[in-house]
Amino acid sequence: MMREALDGIAAAERQRRRGCTHLVRVCTGAGCMARGSEGIRQAFVNEAATGIEVTRAGCMGLCSAGPLVRVEPEGTLYACPSSHEVDEVVSWHVRRGTPVHHLSLESDAAFFAGQQPVVLTSCGRIDPERIEEAIAAGAYGALARAVKDMTPAEVIEQVRASGLRGRGGAGYPTGLKWTTVAKSPGERKYVICNADEGDPGAFMDRTVLEGDPHRVLEGMAIGAYAVGATHGYIYVRGEYPMAIKRLRIAIRQAEALQLLGARLGDSGFSFSVELRIGAGAYVCGEETALIASIEGKRGQPRPRPPYPAESGLWGAPTLINNVETFASVPAVIARGAAWYAGIGTERSRGTKVFSLAGSVRRTGVIEVPMGISLRRIVEDIAGGPLPGRTIKAVQTGGPGGGCVPASLLDTPVDYESLTGLGSMMGSGGMIVLDDTTCLVDLTRYFMRFCMDESCGKCIPCRAGTVQMHDLLVKITRGEATTADLILLEELSDMVRHASLCGLGQNAPNPLLSTLRHFRDEYVSHIVDRTCPAGVCVMQPAPSAGVAP
């Protein structure tokens, strides 16, 4: 019944559009909204005539060129910063069928050419507030297939065979986690979507939730069917009001069509979803701290084992994956494990979504196959450095990641390669740094972030990050000695190996990676009392006869 109902909704949506000669989609992702896209959308509405439909869409990817507008059926993408450009697009393209080339993003075609959308396949191409459009684009078809044609064990086997790994940062095999939850005894089990995206410069999960919330709900429902759960939570930070709004709309719409709730599509499977709004604590991205927060407790991590897969929310077996992981699942079920496993590398299968920011010509949200080189991302997709600048490094993995120098841009983007360089995949933040960046000062910034966000439960993180930050401040001021640098490295080793959770364990990574690849910058600050990038305000050199 579910499959037939979905087909009927999709057919009705296509029929509704038959009288439409042009469809104008205006990006209403957070980035374009901040640049006035709602006003642009209203301007198109005011200019629209019979046979023209104007609708909202999620993020279209190239955020640096926004506000973005896509005109269908041609699929031409425009940058429309003012109502004057709207008049041109309506007058020439929409009414006469002649694209306005000087406003189109044809020159930025390389940004899209190197990508392979899986998670983002419908982002920017559907109205995220209309479930009918999502269904017409294929939403909930994989759920219908799983519930009707597959056993829970067969679903898990497809996920396992696909090679999908957790996209939250650790890269744990998704199929193995699902198997553990399915085998764990318990009358009640839970599914949690971790949408507590807190890395500076990271906005991948926000993009998916704002642009295609039904894909995440569908992935959660498939996971619940596979492991035997009946209730789920999406833990999303309060700083994402648009994502929260669209999730609430999506949940209501899915419940109304019996795609969530009791007896989905007249099957024997039931699954309901609730939102839980986080207060912005970075540590709640750690799964045990997140669980504590949902339970109404202070968001602090606890030692493991037991792992949440065995004893999680209220002591019950709990499946926790992040937004991108759940959003990958429908494609795995719909197109098969072999198809998904054919993308990427032997140990890092599929695609990865990145928020691409920093000192490059084109920034935004991208989805690329695993194994693509950093050079292809930086030079081809992002368009290379800004005029007059040179690339110095690429920072990946957020505050717990590291910096990859420009000399190693041919490194493939996969879990093992980045870890081998002292960085990490993380959730998907990628910041390109040019020659105006001081790596010591950048490290100080990330250490300050980890220090401020430490929950304070364990001493190595609570006290160690403070001491490391203070030493980095001394270095950036030209007040440090070589003994301080030795102490800093010793503290890094202690914090890394003695902290309770990933926040403290990964906090030294930016320091260790920059010391590994840019040690000369630290030496310049300490010995020569100079900042090579000219960023740090250094104190005068010590008097003659005083050892540095």
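Axes are lines fitted to C-alpha atoms, for helices over the stretch in contact, and angles run from 0 to 180 degrees between N-to-C directions. Helices (H or I, at least four residues) and strands (E, at least two) are DSSP runs, numbered from the N terminus. The model is predicted, with local features requiring pLDDT of at least 70 and side-chain atom pairs counting only at pLDDT 80 or more, whereas totals for chains, interfaces and linings use all residues. Residues are numbered from 1 along each chain as its sequence is written, and side-chain values use heavy atoms, with hydrogens and water left out.

**Helix 3 and helix 4**

- Helix 3 (residues 37–47) packs against helix 4 (residues 83–96) at an angle of about 45 degrees, and their axes lie 10 Å apart.
- Helix 3 is therefore oblique to helix 4 (angles under 35 degrees count as roughly parallel, over 145 as roughly antiparallel, 65 to 115 as roughly perpendicular and the rest as oblique).
- The contact (heavy atoms within 4.5 Å) involves Ile40, Ala43, Phe44 and Glu47 of helix 3, together with Ser83, Val86, Asp87, Val89, Val90 and Arg95 of helix 4.

- An open sheet is formed by 4 strands in the order 7-6-5-8, with parallel pairing (two strands pair if DSSP finds at least two bridges between them).
- Strand 7 (272–278) and strand 8 (318–322) are at the edges with a single partner strand each, so one side of each has no neighbour in the sheet.
- Neighbouring strands of this sheet are turned by 20 degrees against each other on average, direction ignored.
- Strand 5 (residues 190–195) and strand 6 (residues 231–237) run parallel and are joined by 6 bridges.
- Valine 191 has glycine 232 in strand 6 as its bridge partner.
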